[in-house]
Amino acid sequence: MAEEQENPQLPEESNNRTSITRVSGMYEDYFLDYASYVILERAVPALSDGVKPVQRRLLHAMREMDDGRYHKVANIIGQTMKYHPHGDASIGDALVQLGQKELLIDCQGNWGNILTGDSAAAPRYIEARLTKFALEVAFNAKITEWSASYDGRGKEPVFLPMKFPLLLAQGVEGIAVGLSTKVLPHNFNELIDASINILKGKKVTVVPDFPSGGIADVSNYNDGIRGGRVRVRAKIEALDKKTLIIKEVPFGTTTTSLIESVIKANDKGKIKIKKIEDNTSEFVEILVHLAPNISPDKTIDALYAFTDCEVSISPLACVIENDRPIFVGVTELLRLSTEHTVDLTRQELQVKLDEYQNDWHAASLERIFIENRIYRDIEEAETWEQVLQFIHDGLKPHIGHLLRPVTDEDVARLTEIRIKRISKYDSDKANDNILALEGKIAEYKHHLENLVEYTINYFKHLKEKYGKDKGRKTEIRMFDDIVAQKVAIANEKLYVNREEGFVGIGLKKAEYVCDCSDIDDIIVFRSDGVMMVSKVDQKMYMGKDIIHVGVFKKGDKRKIFHFIYSDGPNGPTYMKRFFVDGVTRDREYDLTNGTKGSKVLYFSVNPNGESETVTVHHRAIKKVKKMRFDLDLGELAIKGRGVKGNTVTKHPVKKIERKEKGSSTLAPRRIWLDETVMRLNGEGRGRLLGRFSGDDRILEITTKGQYRLLPYDFSTHFEEDWLIIEKYDPEKPVSTIYWEPEKERFYVKRFIPEMSDKKEIFISEEEGAYMEMVSYHPKPTVLLQFKKVKGKAADDETIDLESFISVKGQKAMGNQLTRNPVKNMILNEPELEPEATEEVESEKVDVPETEDAPEQKKSEQEPKDKSGDNEKGSAGIQISLFDEPEP
């Protein structure tokens, strides 16, 4: 019994000898096999033709079915399943994606919408066929390598003979096992031009072009390899002060996902909108209605910062070459594709040459066979071998000029010629046919000898035939970096408990300070002279006896702090003026001299560097003769926050109180326009517009004959069709020449732009009116060149616009420029004598070399004007070349 318990009875089959299979190595092998299969057969496209296997099989199946008419997608899917060993759903999805790229597939029916994200109708309801472009560039059975299908019942192409950089034109995205690929789409015509330049030995650069349009910053594209990044933004415009319109969405997003992200940002308080409407049909149109008192320009920046109106795409170009994945840049991909096109073209030309040579060989043999009546020699032949031999013997004296030896197959074809054809043989017609074939042979030999030139002409043919409606959709532009804290809506309220030292947005019962956003930084000053910056939170301990708390804006050098403190309990009193720029969060900065017992006696915040006069009261002691005196802090130089400061008094101070608030001691702000990103800045990037202060404005004039007067806020957005952007001078007129269609004449006028918050049109509003020329120069002149009338043209005339017409209202029609038909106008703006300008103290600050203020030290250097020569930013613009009708 004990033995039976120790060795329990085994099943009958276990009595036989069993084999043990170890699974330790199986996972490694099976996983590698599966990963290789997914990489090579599912997710990653081939370098040779730029398509994945399912796409290749779809195109092959459609080529088999092609009869010029549309086919039901359900039938196409069924035909493809003969070659693709997977379900109909994956095939249908692949076909819809190909169709939506509008390059290889001609679609009919509801194929969905890449802009809205709407899916396609069921396969039984929609139809498709190959485009003429696909038939021309993707198929040639004579140079295609074939392999057996998965069940061995049919043949499928190993690769399609693709004579076009399809992979870069369509783009592709795929996730395999252990790797992924993401090639962005590029412009059809630009790829062709780049391929031509590669064949000419020139250096090329290609950048993405997305079917959904938008604006893209490709400065970090990195040729599409790992580590690159493309920032894509929606195209947003301000319809008016209360409404924004989104006209194009970023690649990879839809109107639905973008609207959801906007609503989510509004719910979180990042932006403030009243409502959002989606009017998208053929084109994107999303209306964003703003809440009252919300800036459209800041909202546009906030949409880019907090919603899907801006997305970042990381490309990763991975393709299959020789059954291995390789990572290459898009320029190298284009070069390899172009070289592959050259090779395929050579193969096609060689096939055609061989065909023409074979036709010439057959036609020449036929002529020899009939004209020399060799067919009579076979009358006495008794066997097939004798027939062949007699024909060979008869041909031998006449075949010295043939391109290759005569074979039995050639002779056999001669025996198949019918008597009727021999009897009606036309020697002249046969000679003409041979001469035509010789012409074709010479032509194709020339093409092969000049293969690169032939390929270049082939690419030009593709562009001319198929590229007319394939212009660039995505605008390429560099973006400025939007600081989220600067555009975030103040969606929280900040509170402080000064005595206990707590600050936060959750202290509802404490003292209210101001509105802020949930991503702002908070700056705090304590009575012991310590300054601290921290990120806003529900409740933070910042130290007891808080004398000031507010929102900290990094880089704000115009906010000046006045700081008077006593150095220890009985020490002297010091004063200083400073701004706060670079800081480390949650670090305590001691702004006093470091003596124990130091205390802040007076503190104030001046947003624009305002001066102020304070009264200092001494304590009543015997040594002090003057019990109080006034102190003008505006006379104190602005220095770094780490300096000791200037001495106020050596005697004990009882109190300090403000006597009078003064004006700003800072110079007007110098503003530059960076035309690369079309943004204003104060760091010296771009063209200097001038010095701004108070209610100064910027004048913007566009090609439509409109102007706007804009604030000099760094968040200001400009129109895409701007012509002039200058500092507005209320005494300086704008001079313009425009075409008046009703009078069929050019008119000129000069006017002072009126103050307005909206767009104002200053030319005729009649249909067909356009602005020919505009200048913001005080003394512009125009050279007029006239057309010939009855063989004669009037002499050129120079008109001084200042003396030609006086300044009138902006709604005035102006004066007729000339009665003669104008051929050309040339605007001239004479150089002005430099005006004597008073030396104005700039925003420089005197900063010692301290560890706390490295950035303030940099600010001592005056920024340079990098404007250079920029035609569009100049005061005068001529915008067209006289395509108006003759009067």
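This is a predicted model: local features need pLDDT of at least 70, side-chain atom pairs count only at pLDDT 80 or more; totals for chains, interfaces and linings use all residues.

Me: Great, cavities then. How many of 30 Å³ or more does the structure hold?

Reply: There are five cavities of 30 Å³ or more. The largest cavity has a volume of about 100 Å³.

Me: Which residues are closest to the centre of that largest cavity?

Reply: Leu47, Pro165, Leu166, Leu167 and Ser337 are the closest to its centre, out of 14 residues that line the cavity. Two elements give two or more residues to this lining, namely helix H7 (166–170) and helix H11 (330–371).

Me: And which element gives the most to the lining?

Reply: That's H11, with four residues.

Me: What does the lining of the largest cavity look like by class?

Reply: Nine residues in the lining are nonpolar, four are polar and one is charged.

Me: Changing topic: where does glutamate 612 lie?

Reply: Glutamate 612 is in strand E29, which covers residues 610–618.

Me: Is glutamate 612 buried or exposed?

Reply: Glutamate 612 counts as buried because its relative accessible area is 1%, and the cut-off for buried is under 20%.

Me: What does the side chain of glutamate 612 make polar contacts with?

Reply: There are two partners to look at. Another goes to the side chain of arginine 658, at 2.8 Å.

Me: Which residues does glutamate 612 touch, not counting those up to four places away in sequence?

Reply: Among them are His562, Tyr602, Asn606, Leu631, Asp632, Glu660 and Lys661. Ser604 and Arg658 are on that list of contacts too.

Me: Now the backbone. Which residue has a phi near 60 degrees without being a glycine?

Reply: Asparagine 293 is one of them, with a positive phi near 60 degrees. For background, most residues other than glycine have a negative phi. Asparagine 293 sits in the loop between strand E13 (286–290) and helix H10 (296–306).

Me: Buried or exposed, that asparagine 293?

Reply: Asparagine 293 is exposed, because its relative accessible area is 84% and exposed means over 50%.

Me: What about the phi of aspartate 545?

Reply: Aspartate 545 also has a positive phi, of about 60 degrees, and is not a glycine. Aspartate 545 is found in the loop between strand E23 (540–541) and strand E24 (546–552).

Me: How does aspartate 545 count by relative accessibility?

Reply: Aspartate 545 counts as partly exposed, because its relative accessibility is 45%, between the cut-offs of 20% and 50%.

Note on methods. Residues are numbered from 1 along each chain as its sequence is written. Side-chain values use heavy atoms; hydrogens and water are left out. Buried means under 20% relative accessible area, exposed over 50%, partly exposed in between (1.4 Å probe, protein chains only). On a 1 Å grid over the protein atoms alone, a cavity is a set of points where a 1.4 Å probe fits but cannot get out, and a pocket is an open set with protein on both sides within 12 Å along at least five of seven lines; lining residues have an atom within 4 Å of a point. Grid points are joined across faces, edges and corners, and a volume is the space filled by probe spheres set on the points. Ala, Val, Leu, Ile, Met, Phe, Trp, Tyr, Cys and Pro count as nonpolar, Asp, Glu, Lys and Arg as charged, and the others, Gly among them, as polar. A polar contact is a pair of N or O atoms within 3.5 Å; within protein, one must be able to donate a hydrogen and the other to accept it, and residues adjacent in sequence count only if both atoms are side-chain atoms. Contact means heavy atoms within 4.5 Å.
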